[in-house]
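Subject: Structure handover

Hello,

Here is the structure I promised to pass on. Please take a look, then read my notes below.

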Amino acid sequence: MAEMSFPHLLTPLTLRGTTLRNRMIVPGMATHFAEPDGTISAPLREYLEARAIGGFAAVVTENIGVDPGGRVMARMAMANDDRFLPGLSQLAAAIKKHGTAVIGQINHGGRQTSSKITGQQPVAPSPIPCPLMREMPRELTESEIHYLQDAYAAAAMRLHRAGFDGVEIHAAHGYLAAEFLSRYSNARTDQFGGDLPNRMRFLIGIVERIRAATAPGFLIFVRISVQEFVPNGLDVDESILIGRRLAAQGVDVLSLSVGVYESYNRLTLLSGEPEGPWLPVAGQVKRAISIPVIGVGRVKRPQVAEQALKNGDIDLVAIGRASITDSDFPDHVRRGKRDFISSCVSCNLCLGRSAKPVMVCPINPFVGREAMLRDLAPAPPQVITIRGGGIAAMTAAWLAALRGHKVTVVDQSGEFGGMQAWRSRVPGQAEYGNAVAAVIARARAVGVVLRQAREAAADIVWTVRRFESAPRWARKGREGITSFDVLRDPQLRLPHRILIVGDDLSATDAALLLAERGHHVTLRSPSKDIGFDAHPGFRNLNRELLTQRGAKIEVGVQADRLEEGDSFDACVFGRIPDAVLNELEQWSAVSGNAAAAVIDDAYEPGALMRSVYRSVDLVLGAPTYFAADKGSAPVGLSV
Ligand SMILES: Cc1cc2nc3c(=O)[nH]c(=O)nc-3n(C[C@H](O)[C@H](O)[C@H](O)COP(=O)(O)O)c2cc1C
Ligand code: SF4
């Protein structure tokens, strides 16, 4: 394993008498694990405790509600009442006993929520709706503003009583405190609107109240979006002024994020986008203010954070999604071992999908189920062979080996990454190769054997199957081929002009791959956009990447015929959303021989996630995820 050293990341930092043992923190990340009434649940506590055990210097909790009218999700932890104290106290104790500081993020959603969640009309500085939530908020009166400032302070005092080391006021991402800060959402003409000192009045009033009500050692962090990427939104210059004022007010740390709901694409960057692009932006603010700053944004490799610390751009790094995939990130850094790190593929499934909002992850299916992994029951040992690779197969192999089975994974090709290894060849998606390497390393570390072979003697055989689109029609006597043929085989030679028909990620990625190789590519989606099965953020990104490579994109075009004037030398087929044609979609088994069970390999991250969770169920012998909790409560984005 590669040995590396990270002196800056591992240097402690003392704030108001609290020593952070290194520079790595978990930022606030909504999990939807809280109880429906807002009590901290055991899964939420165990999820955060696992990150403390893994060596993070501080854990900032997910945003905790200060008032029922500001709930941003159905399952939001709350701190607006003393009845939440026992759960909050247990959480603080669980984190602190591992030497990690615990900071409670306090929030009110303002206009970025929905009456379906709160049961009341959203409130905001001004009656301007959030373009995503599309619900007209009610303008707050001055007395309501004071009431809410008191509510933030009361929540902070409760967290203080519960043993938290401090709070982080969430004044980023377009929620209530951010709405006051920004001309984008604040059009008031009273003392809370207009010039920056007035727009800061809401936030400053909260800071003053908290400082006055808590002990001198109690930490106050404030999180702002240093760039909002919307018309009249905050920018670096205003952020510097905000930072200076907050420092003068006794705030200890300024956490620098970006974006609001409308610009959510900048907030949780996707695979194919740069790593750590906001760290130099944070540096511009840091150099102009006197208090430490936290930087964030697709930091998945310690090298990126180490360099930013060395450059003096940041004082602390927030490791968001990479702490979901790897709760032991800081410990790996400390031990100089990086092979298990970098496995987050920035797919944004952890943000949840409307039907089932709970935090999930295809790389770490035990997020929020840490106890299940910790208390894994050993099984009577069997010899298990898994035919075919892929992330789901490797997850099953790892888990089965943890339970005491002797596991061999065989693959005739000797390539064990499955469809995600194909994906890693697509421009910008090389990190899928890292994820594959990480899950293989995880399996090998517990004794799983990988063998280039067709079969291996076993008590139990599980086989991998893949879901692939089928070719539709041929052109000029040529067989149509599929997007997966293109993705699977780097040696596949194709003529110059290619039409790709399909509305899914595989079609988009095949188009990208071929355009990168210099083909004249047209991507034709029968749906209203491209990459329709993937996280919406990928649509814009992929459009950009395709356009940069000269590919032509057509959407909403019927798929069952060529257009007049079409002239292509080859046609490649991805998914075509048509009930009749879909019957042609096929499962392809890696090996057709009889097997006790199948494990699905899948391309699109959501489908991959489902197959990974099912592979966990297979090893545990019971449905642990999909059968439980059919929650359909409305969700906000909650970031
Ligand atoms: C699932 C999820 C939930 C989030 N919830 C919050 C939140 O409650 N409060 C907050 O300030 N940011 C939230 N964020 C934003 C993260 O704190 C972080 O800024 C963002 O994920 C970018 O960092 P990363 O690239 O390291 O993940 C959330 C992000 C994710 C992925
Ligand atoms: S769900 Fe995707 S983005 Fe989120 S932590 Fe897991 S791999 Fe990373």
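Start with Ile 599. Leaving aside neighbours within four places in sequence, Ile 599 is in contact (C-beta atoms, placed from the backbone, within 7 Å) with Ile 386, Ala 392, Ala 393, Ala 396, Trp 462, Val 464, Ser 611, Ser 615 and Leu 618. Ile 599 counts as buried because it has 28 C-beta neighbours inside 10 Å; the cut-off for buried is 20 or more other C-beta atoms within 10 Å, with C-beta atoms placed from the backbone. It sits in strand S24, residues 597–601 (strands are DSSP runs of E, at least two residues; helices are runs of H or I, at least four; both are numbered from the N terminus).

This is a predicted model: local features need pLDDT of at least 70, side-chain atom pairs count only at pLDDT 80 or more, and totals for chains, interfaces and linings use all residues. Residues are numbered from 1 along each chain as its sequence is written, while chains are lettered from A and ligands numbered from 1 in the order in which they are written.

Now the domains. The assignment gives domain 1 (13–337), domain 2 (372–466 + 588–620) and domain 3 (481–582); such bounds come from an automatic or database assignment. Ten residues of domain 2 are in contact with 13 of domain 3. Helix H15 (418–423) and helix H21 (605–620) each supply at least two residues of that side of domain 2. The C-alpha centres of domains 2 and 3 lie 29 Å apart.

Last, ligand 1. Of the 28 residues around it (C-beta atom, placed from the backbone, within 6 Å), Pro 27, Gly 28, Asn 63, Gly 320 and Arg 321 come nearest.

Best wishes

Technical notes. Contact = placed C-beta atoms within 7 Å. Buried ≥ 20, exposed ≤ 12 C-beta atoms within 10 Å, placed from the backbone.
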